[in-house]
Amino acid sequence: MNPANEARETRLRDLMVTALRGDAAAYAEFLRETASLLRPFFRRRLAQHPDDIEDLVQETLLAVHNKRHTYDPGQPVTAWIYAIARYKLVDLLRARAGREALHDPIDEDLDELGSDAEPAALEARRDLRVLLAQLPDRQRLPIEYVRIEGLSVEETARLTGLSASAVKIGVHRGLKVLAARIRGQR
Amino acid sequence: MRTDELIIALSRQTDAIDPSTPLRRLAVASLLGIAAALPLMLWRLGLNPDLASDAQTPMFWVKWGFAATVAAASAVLVIRLARPGVDTRRAAQTVALPLVALWALAGLVLLAAAPAERAPLMMGSSWNTCPFNIALLSLPALVLLLAAVRSLAPTRLRRAGAATGLLAGALGTAVYVLHCPELEAPFLAVWYVLGMLVPVAIGALVGPRILRW
């Protein structure tokens with residue numbers, strides 16, 4: 001665990017332990033910090049459904065609240081929160097996509113979630129999404145799945161219904177169009 | 001509702017929480033499960049008439065010890081599976097230990113026995129009812145334990161269901177021991193284990209649907 005995550009873990013755990021004794025202020029602070037932990041976690045995994053992110057944050061906060069008796073004070077509280085978040089995410093994906101949800105990459109390393117609220121990175125991602133939204137689906141979806149979500153070509157083909165070669169062509173042509181647009185904006 | 005409004009609403013409900021809640025709920029469900037299985041055993045099967053003399057033999061305590069150690073190990077596993085984000089590998093391996101020990105003992109007994117004695121050692125006199133009765137006696141605990149686990153937060157539902165089934169099976173076995181006339185390890189190694197696997201299979205089957213939260 002890197003020092004920043006370790007510091008956050010210690011702070012969150014102290015807040016949680018205090019909250020479980022019935023301290024409302026500590027609990028509110030804990031929930032706020034948890035929400036800011038959850039947003040980038042879901043944003044990274046739901047790039048193609050940005051509208052769902054805040055819903056999922058709220059649903060997870062509710063689950064954290066309703067299941068707070070399952071937190072063991074000897075256990076890292078961030079691992080506990082992420083496990084609940086992942087459970088809620090899988091639940092949502094399964095409900096929406098049925099079988100296909102099983103192919104989503106939801107097993108990423110937890111410790112790489114350090115880059116929470118860097119405004120520049122967020123902005124860049126938002127700009128990219130605006131540009132991407134202008135592409136036709138046959139280019140936009142392959143780029144989102146392969147380049148942003150990190151799925152394989154085969155998985156993307158299954159999810160989109162495109163052929164594997166169409167996915168590769170979509171990524172290639174789409175990136176070319178994006179590059180041309182970015183150059184054109186300057 | 002906005003997220004900060006939700007947070008304010010939730011932080012108003014801060015009664016103190018006891019972190020031993022999962023253990024307490026499992027303990028209550030287990031005790032009630034045993035309490036329900038006991039009269040069921042007395043009514044359907046009856047107490048072993050030789051219980052007093054059997055209890056003088058070490059094998060009686062091996063039998064009971066097997067049920068008790070499987071129950072303890074699977075209870076640890078269930079509690080860990082019911083807490084999000086807890087590692088369960090070691091607990092899962094520990095569950096196999098009493099099983100391996102029983103099979104090793106049964107193997108030794110079979111090796112030492114004359115070939116003609118081996119089949120009777122394994123089949124005893126109650127092989128055709130034993131697994132069914134163990135499964136039956138584990139059902140009350142299974143229902144109560146599944147409800148308890150659901151009130152916690154299992155995230156791997158099939159595994160949690162199977163582990164819950166094993167705990168229920170071990171508790172049912174602990175009660176069945178009071179009826180069972182068998183005292184040979186090879187018999188236990190086959191039929192007791194088979195009986196305990198019935199609630200395991202049921203738990204694994206219904207877990208993904210019943211344990212969702």
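Biologist: In which helix of chain A is Phe30(A) found?
Modeller: The model is a predicted one. Phe30(A) belongs to the helix of chain A that covers residues 24–45. That helix is α2.

Biologist: Is Phe30(A) buried or exposed?
Modeller: A residue counts as buried if 20 or more other C-beta atoms lie within 10 Å of its own. Phe30(A) has 27 other C-beta atoms within 10 Å, and therefore it is classed as buried.

Biologist: Which residues is Phe30(A) in contact with, leaving aside its neighbours within four places in sequence?
Modeller: One of them is Leu12(A); its C-alpha atom is separated by 6.2 Å from that of Phe30(A), although the two are 18 residues apart along the chain. With the sequence neighbours left aside, the contacts of Phe30(A) are Leu12(A), Leu15(A), Met16(A) and Ala19(A).

Biologist: Which element of chain A has the highest mean pLDDT?
Modeller: Chain A as a whole has a mean pLDDT of 80, with 80% of its residues at 70 or more. Among its elements, helix α5 (residues 119–133) has the lowest mean, 63. The highest mean, 94, belongs to α2(A).

Biologist: Over which residues of chain A does pLDDT stay under 50?
Modeller: For the stretch in question the model has 21 contacts beyond four places in sequence. The pLDDT stays under 50 there, and the stretch comprises residues 104–118.

Biologist: How many helices does chain A have?
Modeller: From the N terminus on, the elements run α-α-α-α-α-α-α-α. There are 0 strands in chain A. The count of helices is 8.

Biologist: What percentage of the contacts in chain A with a separation of 6 or more joins residues 24 or more positions apart?
Modeller: Chain A has 186 residues, of which 28% are buried. For its contacts with a separation of 6 or more, the share that joins residues 24 or more positions apart is 57%.

Biologist: Which residue with a positive phi follows α6(A)?
Modeller: Helix α6 of chain A covers residues 137–148, and its buried residues include Leu141(A), Ile143(A), Tyr145(A) and Val146(A). Gln139(A), Arg140(A), Pro142(A) and Glu144(A) are buried in this helix as well. The helix is followed by a residue whose phi is positive, near 80 degrees, namely Gly150(A).

Biologist: What ipTM does the model score?
Modeller: Chain B averages a pLDDT of 95, and 100% of its residues score at least 70. For the model, the pTM is 0.76 and the ipTM is 0.89.

Biologist: Which helix gives the most to the side of chain B that touches chain A?
Modeller: The contact takes 30 residues from chain A and 22 residues from chain B. On the chain B side, α1 (3–11) and α2 (21–44) each supply at least two residues. The helix that gives the most, with 6 residues, is α1(B).

Biologist: How many charged residues does the side of chain B that touches chain A have?
Modeller: The contact takes 22 residues from chain B. By class, 13 of them are nonpolar and 6 are polar, while the number of charged residues is 3.

Biologist: Within what arc do the buried residues of α1(B) fall?
Modeller: Ile7(B), Leu10(B) and Ser11(B) are the buried residues of α1(B). They line one face of the helix, because, seen down its axis, they fall within an arc of 90 degrees.

Biologist: Which helices of chain A are included in what covers the buried residues of α1(B)?
Modeller: On the other side of α1(B), Glu5(B) and Ala9(B) are exposed. The cover over its buried residues includes, from chain A, α2 and α3 (50–66).

Biologist: How many residues does chain B have?
Modeller: Chain B has 9 helices and 0 strands, and its C-alpha trace spans about 75 × 35 × 30 Å along the principal axes. Among contacts between residues at least 6 apart in sequence, 87% join residues at least 24 apart. In chain B 43% of the residues count as buried, out of a total of 213.

Biologist: At roughly what angle do the axes of α8 and α9 of chain B cross?
Modeller: Helix α8 (residues 157–176) meets helix α9 (residues 185–210) with axes that come within 7 Å. The crossing is right-handed. Its angle is roughly 145 degrees.

Biologist: How many nonpolar residues does the contact of α8(B) with α9(B) have?
Modeller: The residues that meet include Leu157(B), Ala160(B) and Leu166(B) in α8(B), and Tyr192(B), Met196(B) and Ile202(B) in α9(B). By class, the contact has 1 charged and 8 polar residues, and the number of nonpolar residues is 15.

Technical notes
Residues are numbered from 1 along each chain as its sequence is written. Chains are lettered from A and ligands numbered from 1 in the order in which they are written. This is a predicted model: local features need pLDDT of at least 70, side-chain atom pairs count only at pLDDT 80 or more; totals for chains, interfaces and linings use all residues. pLDDT is the predictor's confidence in each residue, from 0 to 100. A residue is buried if 20 or more other C-beta atoms lie within 10 Å of its own, exposed if 12 or fewer, and partly exposed in between; C-beta atoms are placed from the backbone. Helices (H or I, at least four residues) and strands (E, at least two) are DSSP runs, numbered from the N terminus. Two residues are in contact if their C-beta atoms, placed from the backbone, lie within 7 Å. Ala, Val, Leu, Ile, Met, Phe, Trp, Tyr, Cys and Pro count as nonpolar, Asp, Glu, Lys and Arg as charged, and the others, Gly among them, as polar. Axes are lines fitted to C-alpha atoms, for helices over the stretch in contact, and angles run from 0 to 180 degrees between N-to-C directions. A crossing is left-handed if the near helix is turned anticlockwise from the far one by less than a right angle, and right-handed if clockwise. The arc is that of the directions from the helix axis to the C-beta atoms.
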